[in-house]
Number of protein chains: 2
Amino acid sequence: MAPTSETLSVQTLALLGVGMMGGSLALAARRRADVPEVRGYDADPRALDEALAAGVITRRCGSIAEAAAGADLVVVCTPVRSIPALVEEAAAAQPPPRLITDIGSTKSALVSGLSSAARARFIAGHPICGAETSGVRFARADLFDRAIYFLCPSDDSPAELHEGLHAFVTSLGARPIALGADAHDRIMALVSHVPHVLANVLMTEVGGFEASGRRAMFSVGPSFKDLTRVAGANPPMWRDIFFDNREALILSLKSVAADIMMLCENLRDGDEEAVLRGINTAASYRRELLQHEDIVLDTLYRVTVRIPDEPGVLSRVMTSLGNANINIEDLTLHHFSRAVGGDLVLFVNGEEEAASACSLAEALGYPAVVSFVGTPAG
Amino acid sequence: MAPTSETLSVQTLALLGVGMMGGSLALAARRRADVPEVRGYDADPRALDEALAAGVITRRCGSIAEAAAGADLVVVCTPVRSIPALVEEAAAAQPPPRLITDIGSTKSALVSGLSSAARARFIAGHPICGAETSGVRFARADLFDRAIYFLCPSDDSPAELHEGLHAFVTSLGARPIALGADAHDRIMALVSHVPHVLANVLMTEVGGFEASGRRAMFSVGPSFKDLTRVAGANPPMWRDIFFDNREALILSLKSVAADIMMLCENLRDGDEEAVLRGINTAASYRRELLQHEDIVLDTLYRVTVRIPDEPGVLSRVMTSLGNANINIEDLTLHHFSRAVGGDLVLFVNGEEEAASACSLAEALGYPAVVSFVGTPAG
């Protein structure tokens, strides 16, 4: 729809927090949405120097009030815990900005904690992309390309502001999706925060366990490696995310713990049908997820290639497969050690393609085995 | 040590169950341990035809009694649930075999359920490699190379049999490790069976959840993908493994559920220190595991490359990195869809190497970002 005189059009953007995420948003705003003025404020003056030198921002601001005053849009790009105070401070700038948003990963606590003055100018946001902290030097204009970008307007968010933010996010290259703050937080708890908790719990259980003098940690295989890849990630950041979303997280964790205890009961009772039904349910959801990604589980094969730990090995394997026009649907590496190397696990569609991939790896001198991923018939 | 006249020396090997695992063991026995006679028995006669034609076995047997009679070593290579009956039947062959072993993934229930006659001739085994089911056509002599191979002798296992099995397993290329059956099962429950349970539980929770009409499953990111890669794998096989190891599995699952509920309490109580301590513990165990694999977390960087879903793309990226002598410590792929492609996530040692990898990917036209994996200082 064409913008009305009321619809927000972003000519002046203010970033509070100029890191990788904020910097990427600024670059996308400048290069894709043609935003002429991008102001930056950061507690670390070096980040501002760097951002200005790199053309990420057009103006360096010495205070939140200076950055936010009269801006069309203020985006708060700092760790979750610091967001509410920055939103309040931005809302109090004179003249006030038209709209304030953020990119934090939890929403309910933030929205419900705001003053009514701030809430009138605020629509929460959350792009699902590259959430790890790092410097503005890693900022990039295409970070948001095709990324899901949740917007969580409250009941009293003015429609013209929501429309304007929707258009702005689209112009960055992202796909905006409107969702209530509570629904957003429940979903994020399940798909992002619970996985981190499970990875941490599993890593800790295994790390601390030994039997007959043998430590469990030194007998781990591929499934453990996949499940704990995110274990122990950025402790202070994840502590804050867990607490910020604690209501939703507690609900999900209790449900997970109940599922686990139910399985224990089924095992104790010898209820084989219930246990099988549980695994089948997981299998059918996984199948649905893969189908959503256009992958057909029924024809998916796993090719496990034992490779040494040397530069160039992955290149040789991939080149050989690429030349044979074999498409890789998924892959993961299970490293053992510098001396032993590891297993490169490739997922390939079709039994013939899998057998070819296996032969090609072998021809390079790397032992390989094929196995079927889907549920065997019967 | 030199074999004494008492020490088992394998001249006649009998396989019960000729699939990928059994076939690989047979090939390794023939080619590496120079075992002259390898007999095969399988409920599926086609598997035997195939194994004989491929030179995996030297003799096709029509019954368990025929295969086991007078053999130096019988190896039971069938799904866990069928193992006890096959061990008993092999032990009853006339003349009886000298030693029987298996390659199942759980040990206590098996050993404790055997008759004393069978137990006198049995030492349980479990190689940690390629456990997925598939046909004898995927058998390979080097499957056991450098693999951990648990041997679980009981208190009354004759030393000369244990020594002989140890030597045989070593000759296959594996690394035998003696461990009590109970300790083995507790460790396997934690490092292998619990991860499968957690993957299934998470997949099911997420698959079944929707909020405000949006399904959680369609907002998943990298951490969820890693945690659920094994979700729903081979339901009947995993049901059997869970039940076969249910005592140990229940202990581990209850401990995991208690950890989760303790985190809920800490969140509810606002105990930020306890939550941070928990994540830090996971981080330090993960660091220890990576160090065990000669990877230094303090200098590990993540390079995320957005790639289209096309053959040859991975090849181009890997070749470029290989040519630049950049070693990849770990990698994983997060597929979105055929249309969108996915993220290739590479783990690289050293900030400069990570920045180079990022530039090289970009030079190929694939957007890339770098982020730090370890705990940021301070």
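Because the model is predicted, local features are reported at pLDDT of at least 70 and side-chain atom pairs only at pLDDT 80 or more, whereas totals for chains, interfaces and linings use all residues. Residues are numbered from 1 along each chain as its sequence is written, and chains are lettered from A, with ligands numbered from 1, in the order in which they are written.

**View 1. The two copies and the surface that they share.**
Chain A can be laid on chain B by a turn of 180 degrees and a shift of 0.0 Å along the axis, with an RMSD of 0.0 Å (superposed by least squares on the C-alpha atoms of residues with pLDDT of at least 70 in both). The two copies are thus related as by a two-fold rotation axis, and the same surface serves both, since 100% of the contact residues of chain A recur in chain B. In this interface 125 residues of chain A are in contact with 125 residues of chain B, where contact means that the C-beta atoms, placed from the backbone, lie within 7 Å. On the side of chain A that touches chain B, helix 8 (residues 181–207) of chain A gives the most, with 20 residues; helices here are DSSP runs of H or I with at least four residues, and strands are runs of E with at least two, both numbered from the N terminus. That side of chain A divides into 66 nonpolar, 34 polar and 25 charged residues, with Ala, Val, Leu, Ile, Met, Phe, Trp, Tyr, Cys and Pro counted as nonpolar, Asp, Glu, Lys and Arg as charged, and the others, Gly among them, as polar.

**View 2. Helix 11 of chain A against helix 11 of chain B.**
The axes of helix 11 (residues 246–269) of chain A and helix 11 (residues 246–269) of chain B come within 9 Å and cross at roughly 160 degrees; axes are lines fitted to C-alpha atoms, for helices over the stretch in contact, and angles run from 0 to 180 degrees between N-to-C directions. The two helices are therefore roughly antiparallel to each other, in a scheme where angles under 35 degrees count as roughly parallel, over 145 as roughly antiparallel, 65 to 115 as roughly perpendicular and the rest as oblique. Helix 11 of chain A passes helix 11 of chain B in a left-handed crossing, and their contact has 20 nonpolar, no polar and six charged residues. A crossing is left-handed if the near helix is turned anticlockwise from the far one by less than a right angle, and right-handed if clockwise.

**View 3. Helix 12 of chain A against helix 10 of chain B.**
Helix 12 (residues 272–292) of chain A and helix 10 (residues 235–244) of chain B have axes that come within 9 Å and cross at roughly 135 degrees, and the pair is therefore oblique, with a right-handed crossing. Glu272(A), Val275(A), Leu276(A), Ile279(A), Asn280(A) and Ala283(A) in helix 12 of chain A meet residues of helix 10 of chain B that include Pro235(B), Trp238(B), Arg239(B) and Phe242(B).

**View 4. Helices 11 and 12 within chain B.**
The axes of helix 11 and helix 12 (residues 272–292) of chain B come within 8 Å and cross at roughly 145 degrees. Leu263(B), Asn266(B) and Leu267(B) in helix 11 meet Ala274(B), Val275(B) and Gly278(B) in helix 12, a contact with four nonpolar, two polar and no charged residues.

**View 5. Domains 1 and 2 of chain A.**
The domain assignment, which is automatic or from a database, gives chain A domain 1 (12–179), domain 2 (184–270) and domain 3 (297–372). The centres of domain 1 and domain 2 of chain A, taken over C-alpha atoms, are separated by 32 Å, and 13 residues of domain 1 are in contact with nine residues of domain 2. Helix 5 (108–113) and strand 7 (148–152) of chain A each supply at least two residues of the domain 1 side.

**View 6. Backbone details in loops.**
The peptide bond from Gln94(A) to Pro95(A) is cis, with omega near -10 degrees, and Pro95(A) is found in the loop between helix 4 (83–91) and strand 5 (99–102) of chain A. Arg146(A), in the loop between strand 6 (124–127) and strand 7 of chain A, has a positive phi of about 65 degrees although it is not a glycine.

Note on methods:
Contact = placed C-beta atoms within 7 Å.
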